[in-house]
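Okay, thanks for coming, everyone.

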Amino acid sequence: MSTGRRAGICRRGICVVAATLVAAGCAADRGAPRARAVSDRSPIAVGGRTRRYFIAAVEVQWNYAPDGKNEITGEPFDEVADTYVKPGPDRIGSTYTKCLYRGYTDATFTHRAPSGAPDDNLGILGPVIRAEVGDRIVVTFHNECGFPASVHPHGVFYEKDSEGAPYNDGTSGEDKADDAVPPGGSHVYRWNVPERAGPGPHDGSSVMWMYHSHTDEVRDTYSGLMGPMVITARGRARPDGSPVDVDHEVFELFSVMNENNSFYVDREIAKLPNPPADPADDDEFNESNLMHSINGYVYGNGPMVTLREGERVRWYVMTLGTEVDLHTPHWHGNTVTAMGMRTDVVQLLPGSMMVADMQPDDPGIWLFHCHVNDHIIAGMLTRYRVIP
Ligand SMILES: [Cu+2]
């Protein structure tokens, strides 16, 4: 819903380069990860595993409402929902071009890897990056989108060639190669996982971090480049990196995706038969592009998480965005513990990551939604199911 302040629309640098399919012929510019000496101050793992990920930024057509109806009411979209989801001569509707992180099996970027989430319910989120304290993470990133992008991690240890953020940090040369990977380009990011990247004294067996593009942080993330990362305590991970004392992990991004600030907004506007005369000053048009979504879905569209009664469930919830991105994820039917306290609502501010543990005891189909009224009206709701 209206933010009370019209969202700005950026015009510069809109790229319309079509996504390039990665083929063997493109492999030369990726090659093997660059060998690099690690400085003495790096808290390098001793005996830990190296966990390799191959992640591309890929252009997709993303539909926030693929079911075509309000799954929360079970009814067709009403007039309010149509504000956001109904296409028209001067409205984009529910499908937008986005640039998303997607995991691949190797540096040829030809075969998709599993998402790393048990239900594969990540939606627009990138694959789950996992490690245990003592490990190191190597991410080979390939940019297939039409604008420069990067992979900036939270929490783990990185040196200046693996931070993924351009700013006046006194570095130069190779230490800048990670800042803005150009369209068609690649970079290998190397992150160590020292104790300070793992659970603290009041955490459980794993903590959540996020990663996102930070070349043009605002437009990169509104375009879709975000993903979750899970770090377990030393000795508390299964071989796949999931925490040993958790049966089921769920990842949820609460976000007012401001498509007015995506790299692709001009391309979308150009498709309209009767585009707004001045989109940047058209408040109703701008409102129609604020997608109040959970993992990139509105009004309960998208896959439903299914849990079993009694299993140990860990929810990882996060948000990015701006001042409207204060979200209060609320679980109906079951409670969680978060930060050592019992609750059924947790609080997120922009850039927040929160872990909440649940042991469901109440079978049924339950609402899971943001408790901010404005966001409820605009579709930031979904459901989860608990089966006996
Ligand atoms: Cu909210």
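I'll talk about strand pairing and then the nonpolar core.

Quick housekeeping: this is a predicted model, where local features need pLDDT of at least 70, side-chain atom pairs count only at pLDDT 80 or more, and totals for chains, interfaces and linings use all residues. Residues are numbered from 1 along each chain as its sequence is written.

Strands here are DSSP runs of E, at least two residues, numbered from the N terminus, and two strands pair if DSSP finds at least two bridges between them.

Let's start with strand 1, residues 50-63. On one side of the story, strand 1 runs parallel to strand 4, residues 136-143, with eight bridges, and Thr-50 sits opposite Arg-136. Strand 1 also runs antiparallel to strand 2, residues 95-104, over 10 bridges; there, Asn-63 faces Thr-95.

Now the open sheet: four strands, order 12-19-18-14, mixed pairing. Its edges are strand 12 (305-308) and strand 14 (329-331), each pairing on one side only. Strand 12 pairs with strand 19, residues 381-387, in parallel through four bridges, and Thr-306 stands opposite Arg-385.

So what about the core? A nonpolar core is a set of buried Ala, Val, Leu, Ile, Met, Phe, Trp, Tyr and Cys residues joined through C-beta atoms within 7 Å, buried meaning 20 or more other C-beta atoms within 10 Å of the residue's own, with C-beta atoms placed from the backbone. The largest one has 97 residues, and Ile-231, Val-317 and Ala-356 have the most contacts inside it. Strand 1 gives the largest share, seven residues.

Definitions and conventions. A residue is buried if 20 or more other C-beta atoms lie within 10 Å of its own, exposed if 12 or fewer, and partly exposed in between; C-beta atoms are placed from the backbone.
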